[in-house]
Amino acid sequence: MKLDSKIPEGPLKDKWTYHKNNVNLVSPANKRQIDVIVVGTGLAGASAAASLAEMGYNVSAFCFQDSPRRAHSIAAQGGINAAKNYQNDGDSTYRLFYDTIKGGDYRAREANVYRLAEVSANIIDQCVAQGVPFAREYGGLLDNRSFGGVQVSRTFYAKGQTGQQLLLGAYSALSRQIAKGKVKMYNRHEMMDVVIVDGKARGIIARNLVTGEVERHSAHAVVLASGGYGNVFFLSTNAMGSNVSAAWKAHKRGALMANPCFTQIHPTCIPVSGDYQSKLTLMSESLRNDGRIWVPKKKEDAEAIRAGKLKPTQLAEEERDYYLERRYPAFGNLVPRDVASRAAKERCDAGFGVNKTGQAVYLDFASAIERYGKEQAHMKGLNENDKELVIKLGKEVVASKYGNLFQMYEKITDDNPYETPMMIYPAVHYTMGGLWVDYNLMTNVPGLYAAGEANFSDHGANRLGASALMQGLADGYFVLPYTIGDYLSGDIRTGKIPTDSKEFDQAEKEVQDRIKKLVGNKGTKSVDHFHKQLGLIMWNKCGMARNEKGLKEAISEIAALREEFWKEVKVPGSANEMNPELEKACRVADFFELGELMCKDALERKESCGGHFREESKTEEGEAMRDDENFTFVSAWAYNEKPSESELVKEELKFENVELKTRSYK
Amino acid sequence: MKLNLKIWRQKGPNASGKMVDYQIDEVSPDMSFLEMLDVLNEQLISKGDEPVVFDHDCREGICGACSLHINGEPHGPGRGITTCQLHMRSFKDGDTIYIEPFRAKAFPVVKDLMVDRSAFDRIIQSGGYVSVNTSGNTIDANATPVRKENADAAFDAATCIGCGACVASCKNASAMLFVSAKVSQFSLLPQGQPEAKERVMNMVSQMDEEGFGNCTNTGACEVECPKGISLENIARMNREYLKASLTSK
């Protein structure tokens with residue numbers, strides 16, 4: 001198989017304009033004859049569904065939640081990047097493009113990333129017009145902040161709830177189209193399969209989660225905006241319902257899965273506290289602007305802390321190891337996410353971790369409190385040597401910056417981070433990999449599109465902070481509405497797609513059989529029992545650091561566990577009712593296949609790049625080492641029942657506008 | 001710790017429900033309330049019983065999916081948190097905890113503790129938006145300055161997560177806090193002005209149609225709201241509504 005990424009001709013900066021000027025259009029009268037299915041209502045899905053409906057297409061949108069407003073985009077905290085250059089700090093489309101390519105460790109497609117940077121400014125205009133209440137300065141203009149180590153302030157935000165505000169904007173636009181009858185919304189519906197007729201995606205099989213009914217829905221094109229697959233690790237910062245099933249079903253029907261092993265592990269999450277833990281909570285990256293990360297220098301101290309015999313505040317400065325500042329003096333605590341995560345793991349594995357479990361490091365605000373306090377005392381003409389006063393003033397400044405995050409931390413852990421350092425540990429957060437798409441966001445299956453986190457397209461091997469929201473909305477508002485028309489222009493005479501064809505019969509039967517198999521299984525163990533074990537294998541062997549031996553073991557362990565799952569899983573209740581255990585079972589079954597493919601992908605990519613760290617590929621100092629000569633490509637995988645035997649299709653990446661460099665943060 | 005749970009079980013929308021007693025041991029104070037229910041469900045599954053059904057998703061207090069009336073309060077005894085952010089350290093060994101669904105005519109039970117809150121979606125569909133199509137040609141985001149004070153107040157109103165705790169806490173099952181938060185967000189911003197009158201009239205009329213009750217200024221909603229949405233929004237909506245009804249054709 002050969003992949004055609006369909007990158008338009010011309011210089012990088014003109015490609016998108018040229019492409020928009022040359023794609024086929026569908027006339028308004030013809031749009032009314034064309035149906036589009038959108039699966040998922042997060043930023044990418046809701047914005048795509050709303051935009052396509054505004055243009056005149058008949059849209060059916062599906063979400064498994066009880067309302068489209070609950071999609072997991074809502075949980076994004078920090079902000080959204082856009083090359084507006086409102087701060088006059090030298091930002092430009094090119095710089096955003098360059099930062100994204102470099103941040104992704106040169107494993108993303110230049111043309112897609114440039115387009116993302118190009119439309120980023122439109123997103124902000126669009127959202128403000130919709131009434132999204134971004135943070136503003138006293139002059140009434142929009143405020144920006146800096147994020148994740150880049151050298152400009154291009155991040156727009158709404159306190160720590162940017163994702164919520166942007167999603168509610170897209171949800172409002174979607175709601176307006178639902179009211180107009182241009183979008184038919186299916187809440188509490190899960191996509192169970194995609195239906196291919198004559199080689200084209202022509203519909204889906206969905207399950208009504210309330211009644212259990214299995215339904216057929218046809219359309220001229222299907223858009224998957226179903227998010228990422230971080231929950232393959234069981235514990236992640238994803239919502240409980242986030243899953244890979246829609247994307248995986250597409251994969252099983254022929255769509256290639258690209259770079260599945262590229263997972264982002266976020267360094268600042270609240271550590272695991274026990275076996276009952278169901279998910280992990282992220283603390284915004286912005287905390288690293290003022291917090292200093294450390295562990296004890298001496299192992300005895302770490303052990304005493306774990307045993308509860310010593311408090312972190314009792315350790316003097318010289319007994320602490322600020323390991324990021326030590327290893328990366330230039331960037332210190334602000335190194336990129338992948339670097340910070342690996343460094344934490346390295347210290348904990350070496351026995352210096354804190355917390356009962358030994359799987360945590362400190363994030364300490366004491367010096368920030370003192371620094372801000374002194375500054376305030378000086379500004380107010382008060383005594384800078386009055387320690388109590390300085391700390392009081394400093395706490396006020398820290399509270400104004402991070403108050404809501406400190407409060408969230410305290411609610412979960414019952415520790416007061418103003419008095420004692422926070423404990424943090426890395427957790428799975430985002431998946432850069434996903435369905436392979438061309439420049440038009442179409443998978444290799446004609447008529448099947450993937451948008452947002454569900455595709456692999458823009459972040460390479462590592463995503464920069466505040467870029468996920470940007471990509472979701474760029475795809476949904478500004479890319480798909482143009483590119484999908486080019487394809488649908490061929491369908492103006494097709495007429496309604498019937499749902500009584502043999503392809504629909506077959507797909508529905510397969511879904512019914514699978515459900516029957518799960519519900520009728522006479523197993524003894526719950527779905528979570530298996531999911532937790534799968535998560536552990538993935539975390540230990542395909543997590544922050546990977547090696548050949550571990551990945552090979554993981555592949556056989558997952559295969560064995562998958563077999564046991566199908567034999568031993570127990571799904572209570574019936575198929576004809578609201579049955580959350582059945583929903584989970586269907587999703588976990590797909591995670592088992594995906595997990596194995598991720599390990600295979602990680603095994604074959606023998607270089608370290610971005611979030612993918614192969615222990616065999618590092619410098620003498622232990623830093624990640626890319627291998628551009630042999631691995632400057634996208635790994636796209638064709639489905640195989642045994643995922644570890646999947647066929648690899650390579651898309652070579654060509655860099656014509658940037659020079660490949662080694663990332664260094666020393 | 002050990003706990004006695006009394007949980008509402010109901011097979012489906014038309015079935016009659018009842019409180020059922022459960023005992024649960026080995027609850028850690030660090031567990032979240034929903035993790036405690038996960039543990040209970042694991043026990044039920046291993047005994048061959050059907051697990052308790054409840055809505056939940058993000059488990060970090062922002063998606064608005066989780067609900068539950070715990071010991072008579074929506075989202076339980078804590079303030080400013082959702083059920084998923086409630087931790088078991090709020091309870092003592094030997095406590096009896098009553099767990100019920102959100103109760104309101106407009107929120108019919110789907111199963112056990114899960115209710116149907118699509119009435120909220122329909123209220124938003126009736127006018128909770130600015131009618132602007134997607135376009136790369138909207139005016140520059142900084143072309144219309146907004147007073148910081150208004151932008152901040154609009155944001156505060158917009159932080160509503162649509163969980164329905166306001167309705168569940170209200171003796172009238174009124175949705176005024178929810179509706180007024182959305183009306184306020186747009187009435188405080190210049191972008192919301194052109195449709196302000198139609199918006200408030202349509203949203204209030206849809207709210208009534210869905211079967212929510214009226215507001216009698218008790219203020220329970222504000223106390224129980226996990227996001228601290230202020231009663232001031234209701235006052236603002238009443239002003240907007242009066243203005244619209246007096247000046248509309």
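Let me start with two helices of chain A, H14 (residues 502–520) and H17 (residues 580–604), whose axes come within 10 Å and cross at roughly 115 degrees. Axes here are lines fitted to C-alpha atoms, for helices over the stretch in contact, and angles run from 0 to 180 degrees between N-to-C directions. Helices (H or I, at least four residues) and strands (E, at least two) are DSSP runs, numbered from the N terminus. The contact is made by A:Ile515, A:Leu518 and A:Val519 of H14(A) and by A:Leu582, A:Ala585 and A:Cys586 of H17(A); contact is defined as C-beta atoms, placed from the backbone, within 7 Å.

This is a predicted model: local features need pLDDT of at least 70, side-chain atom pairs count only at pLDDT 80 or more, and totals for chains, interfaces and linings use all residues. Residues are numbered from 1 along each chain as its sequence is written, while chains are lettered from A and ligands numbered from 1 in the order in which they are written.

Next, A:Asp338, in helix H10 (residues 337–352) of chain A. A:Asp338 counts as buried because it has 28 C-beta neighbours inside 10 Å; the cut-offs are 20 or more for buried, 12 or fewer for exposed, and partly exposed in between, with C-beta atoms placed from the backbone. A:Asp338 touches A:Asn462, A:Gly610 and A:Gly611, leaving out residues up to four places away in sequence. Its C-alpha atom is 7.4 Å from that of A:Pro267, 71 residues apart along the chain.

Last, chain B. The buried residues of H1(B), among them B:Phe33, B:Leu37 and B:Ile45, pack against strand E1 (3–9) and strand E2 (18–24) of chain B. After H1(B) comes B:Gly48, with a positive phi near 90 degrees.

Key: Two residues are in contact if their C-beta atoms, placed from the backbone, lie within 7 Å.
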